Amino acid sequence: MSTAMTNFIMGISSPGTERLYFLKWMRMNLDNVSRIKLSELREKYKEKCENSENKEEIKEIDRQISNSSLGTEHFFREMGQIYEASRSLPETDPSRQQLQHLPKLCAELLLDGFPLELVDGDASNIPLRWVSDVLSQLSDLVSAKKKIRVVTVLGVQSTGKSTLLNTMFGVQFAVSSGRCTRGAFMLLIKINEDMKNVLNCDFLVIIDTEGLKSPELAQLDNSYEHDNELATLVVGLSDVTIVNIAMENLIEMKDILQIVVHAFLRMKEVGKKPKCQFVHQNVSDVSAHDKNLRDRKLLLDQLNEMTQAAAKMEKKEGNKSFTDVMEYSPDTGNWYIPGLWNGNPPMAPVNAGYSEAVYELKKNIIQLLRNCKSSSNNIMEFKKWVKSLWNAVKHENFIFSFRNSLVADAYMKLCTQFNIWEWEFRKEMYTWVKNAETKIHNFGTIAAKSETSDMREFLRSLKSEAFTVLSAWETKILNNLTQYFKQTEGHVYLVEGYKEEFSNSAKVLRREIESGVKYQLEAGAGIRQGMTEIDQIKDNHTKEIEKEVRALIDKCRKKKVQMTDTELDKEFEKMWKETLEKLSFSEQKTSNVTDRVSHCLRENLKHKGSRANELLSEKSLKSCGNESFKYTAEGWFNKFKHTANKLVARQDHIMAAQHLADRIIDICTDFVNKRVKSKNNYHDTYIQEILHMIDVTLQNNQDVKINTEFEVSLKQHICGFAAREFQKMHEDFIEENDPYRCLIKNKERFHDDFKDVFHERDQCQKKAEEFTNRCLKPAIEDFVNRSLGPDIIDEMRKLEQFSTRMSFQCSILLDLLSKDDFQNYVSYIRSYEKYVKTWILEQIKKHFSNESTVFEFEERHLRSCIDSINSAIEKAKTRERDDFKAFIEEICKELGDKLVISQDALGAFMILNNADKEQFAGCLTTSVSDLEKALRSESKVSTFEMKLQHLCVEPQDELFRQLIGCGKQCPFCKAPCDAGGKVHTEHFVSLHRPQGLGRYRNIATGILVTELCSSDVKSDRTFRCSETKHEPHPYKNYKDIFKDWKIQPGESLEASDYWKYVMTKYNSRFAKEYKAAPAVIPGAWKKIKKEQAEKSLKESFYIK
């Protein structure tokens, strides 16, 4: 370190006042040195211009003039560079330790009102480590909660930008000795207590920038990019941007406006909306504002023109005018300021009108800050903005690379909140559908409360009620979304661009739930309608048996002798046999489910034309689905220019189509298994739902090019095995509900009741227990099983890893890393959906391992049922009718909206019942109390795995459905999309993989490739795929092909350390699995440790 720098650091390390004097005198002396040096050089320049023809000499003097302005900022810059250099030394090095206090020194100077160089004027670079550490120290000095607002100035060189800020805020940006600002400087102003509430901040940060279109940079090829970078950076950091405009020079004004508009357009795309004020300096006329209406109109026209040009360059042609990009009014957004001097310096006095005009501008800026809707940042958040903005502007394609932790955090909060609303909606509809299904099951029974006896009319009323509930919830979510974006905290303004996407997601969610509700109602009503006839037959048979039993009792009682139990048994057997012979038991006919499924399939494919019909006729549905589905690309692919392309296209297409078919088959198989598990009768809505699921999945995967042959063969395969399963389910249902079988099942009960009534025994206790155990117990267990699924989902959603799509994805990858199992990685990559569902189920079992929480849920639902039953008994007791049958009907009707009581069990219970109503009610209350204790004991004994098997809503499937998002995968590496909501205009992935993990290899060598999408999109490499007809296409222009994908260029080499580590560790095993040659692993990848992989994963998903 030089002596000058050592002395400088010692000087600024002095206590308070002494340090201020040191810097003041140093600045004055440096100005004097610069002034003397500049005078000499200017004289020399003048002589050379007059006498010398040597242009090199003139150029050299010109360069010396540019570099001769020396100020304290150069010493501070040197100090920052020394500090950054010291950070490369080992932590224990004495030289590094001696310089650790420098950021704190600079932070103290910032508080004292001295500027900090944000952008190095000579290197056009932000020393990020230095600036970050200074801001961190500043945050420590003033408290982390202190909020800041930012005002910046942009404009042409030497138009008085620094002077304007100095006059407006009483600060001291360097303006003497003809010095022009280089780079960008920030300065901190403390806000008075009385103004803090007005401005909603504690400090004001003022940023002064070097002039755009400076002569020194004009000769350089990248001067336009330099100006663009600087403008984007300062506009991105600011809440209010002051733009200095010289109206006299129209050409120059166009250039400046285009740079400024580029910056504002980019900020709009990432959610930042700074206010803008155009300042016209050196306007002498006091009535300039009134007279310059035409000029302001001209300015707006120029701004609109520049907006269209910038939007075209940024590929955002939707922005047609400047007001599309930001709020701007020509009347309130323009300020005319007279010249600083009255006359010609140096003897001219200062123009009082200048200060007055600047004061009016200041008042307007304070008003703008007061009305600012966006929340102010604290210093650490400002630091993050600086860091991420600078990383973003270094990429030429700014819009697609910008993403920082503040934006990510705001997006995560929005996703989390939307997911909460979505689950509340789904949970409400689960409860509604559960109650509606209960009403449908009880329709036409004594428990029914509906006044209508027509099932179609009843179904219509339920659908109408569902529509009302769905509409109310859709409106509620849309209102919640509107209110969410009105709040000022939490940086909501950064994600305002996603508002429309989430509004559309709410509408799509409503349509999705509405479709599911409609399907469940129709299926339930159809099954109940089919049961009506069987129930009627059973009821008639039961009544006939009861009549015969009563006749037998009368006959036996008329005998004068006392009959023994053996004699009674013989009489009952004789009566039973005779009655069964009298009853007509027509065999319940089974439907041909395969024919019904085939009809539904033809209806589904009839719009596909004659080719689909031909294919259906070629093959019987009975022969379909017996073997695993294998797709061959016969008749699919077009002719390509080269045979190699043709071969590659065929292989790629077969692999993608087979993968899609396997996914669809898995989804449909799960659906069929669930329906079979329910043990209901078959209904056509089942196969219609399967065909709908296939259509939706094919529609969502249009990147896989399929033809009619593929669709027909896949649907035939799925419908073939589904028809066989549904046929067996239908036959089992018919057998289980056969009236003859049901009578035989209840024979013992009829026999016991016959003897009880004959001997005139008290049946109250026995019948109360029978009603409790055979009617109420199954109904309560069914209610708990139907209610428990949403409770488990609710509890799991409270966990961080299930709050958003990104948290969920990160948790799975962290778990994979901790388990360190190669086969798990293969399953995750190749069978994503299957692996993830299994993983969710594991997490559910792990979370409920102690079972106390699930027992609390069961206890709550059990208590709710018991309370309802006791309440129904009390209400039934108050009825005037003494008839026992009416008493039971009252109880069933009261419970009709909550419990589904088996009609078979109830019918058997009601016959030969001579119990006293009052006595029975007392026995029933006791029996219900005993049932509660018994169910509680059973619940404690039953394991959580056993409980999961009986749930109507499977938590792992529902959680997967909510967290899978749109289900799209990166077109290159196949990583799943991380965007929130069902409907979004652009897909993105937080963490891309090496493409070799998705089976990609070099065509010539067969070696797995290691390239990352995030690196390729900023390279000159090309790719081929079916969308490009297997012709080379530049990665940089990937959006020409995949318009709805946003692949962010990797901002650092560490961005994908996770997958680099995985591929390095299992390189040879992946090669063997994929039947390829091992990848050539870069040397840097081999140095990545497990800890680094974990750290990079969390950073990529913005997990703290």
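**Rings, cysteines and loops**

Tutor: The charged end of Arg675 is placed over the ring of Phe671, 4.8 Å from the ring's centre. Please keep in mind that this is a predicted model.

Student: Which other ring does Arg675 lie over, and at what distance from the ring centre?

Tutor: Arg675 also lies over the face of Tyr686, and there the ring centre is at 5.6 Å.

Student: Let us turn to rings with rings. How many aromatic pairs are there?

Tutor: The count comes to 35 aromatic pairs. One of them joins Phe8 and Phe76, with 5.2 Å from centre to centre and 80° between the planes, an edge-to-face arrangement.

Student: Where in the chain do Phe8 and Phe76 lie?

Tutor: Phe8 belongs to helix H1 (residues 3-12) and Phe76 to helix H4 (residues 72-86).

Student: Is Phe8 buried or exposed? And what about Phe76, buried or exposed?

Tutor: Phe8 has a relative accessibility of 2%, so Phe8 counts as buried. Phe76 is at 11% and therefore counts as buried as well. The cut-off for buried is under 20% relative accessible area.

Student: Why is the pair of Phe629 and Phe710 edge-to-face?

Tutor: The planes of Phe629 and Phe710 stand at 85°, with the ring centres 6.3 Å apart, so the pair is edge-to-face. The angle needed for that class is over 60 degrees.

Student: What contacts the backbone of Phe710?

Tutor: The side chain of Asn707 reaches the backbone nitrogen of Phe710 at 3.0 Å. Asn707 is located in the loop between helix H26 (684-700) and H27. With a relative accessible area of 18%, Asn707 is buried.

Student: Which residues do ring pairs link into a cluster?

Tutor: Ring pairs link Phe822, Tyr825, Tyr828, Tyr832, Tyr835, Tyr1058, Trp1059, Tyr1066, Phe1070 and Tyr1074 into a cluster.

Student: Changing topic to cysteines: how many disulfides does the structure hold?

Tutor: The structure holds zero disulfides. Cys106 is buried, at a relative accessible area of 4%, and Cys923 is buried too, at 13%.

Student: Now Pro127. Where is its place, and which residues is it in contact with, leaving aside neighbours within four places in sequence?

Tutor: Pro127 is in the loop between strand S1 (116-119) and helix H7 (128-142). Apart from those neighbours, Pro127 is in contact with Glu84 and Leu118. Pro127 and Glu84 are 43 residues apart along the chain, and their C-alpha atoms are separated by 7.7 Å.

Student: Finally, what about the chain as a whole?

Tutor: The chain has 44 helices and 10 strands. Of its 1104 residues, 51% are buried. The accessible surface comes to about 52600 Å², and 49% of that belongs to carbon and sulfur atoms.

Student: What share of contacts between residues at least 6 apart in sequence join residues at least 24 apart?

Tutor: That share is 76% of such contacts in the chain.

Key: Residues numbered from 1 in each chain as written. Predicted model: local features only at pLDDT ≥ 70, side-chain atom pairs only at ≥ 80, totals over all residues. Heavy atoms only, no water. Helix = DSSP H or I, 4+ residues; strand = E, 2+ residues; numbered from the N terminus. Buried < 20%, exposed > 50% of the residue type's maximum accessible area, 1.4 Å probe, protein only. Contact = heavy atoms within 4.5 Å. Areas by Shrake-Rupley, 256 points an atom, 1.4 Å probe, with all protein chains shown as cover. Phe/Tyr/Trp six-rings, centres within 6.5 Å; stacked < 30°, edge-to-face > 60°. Lys NZ or Arg CZ within 6 Å of the ring centre and 35° of its normal. Disulfide = S-S within 2.5 Å. Polar contact = N/O pair within 3.5 Å; in protein donor to acceptor, adjacent residues only side chain to side chain.
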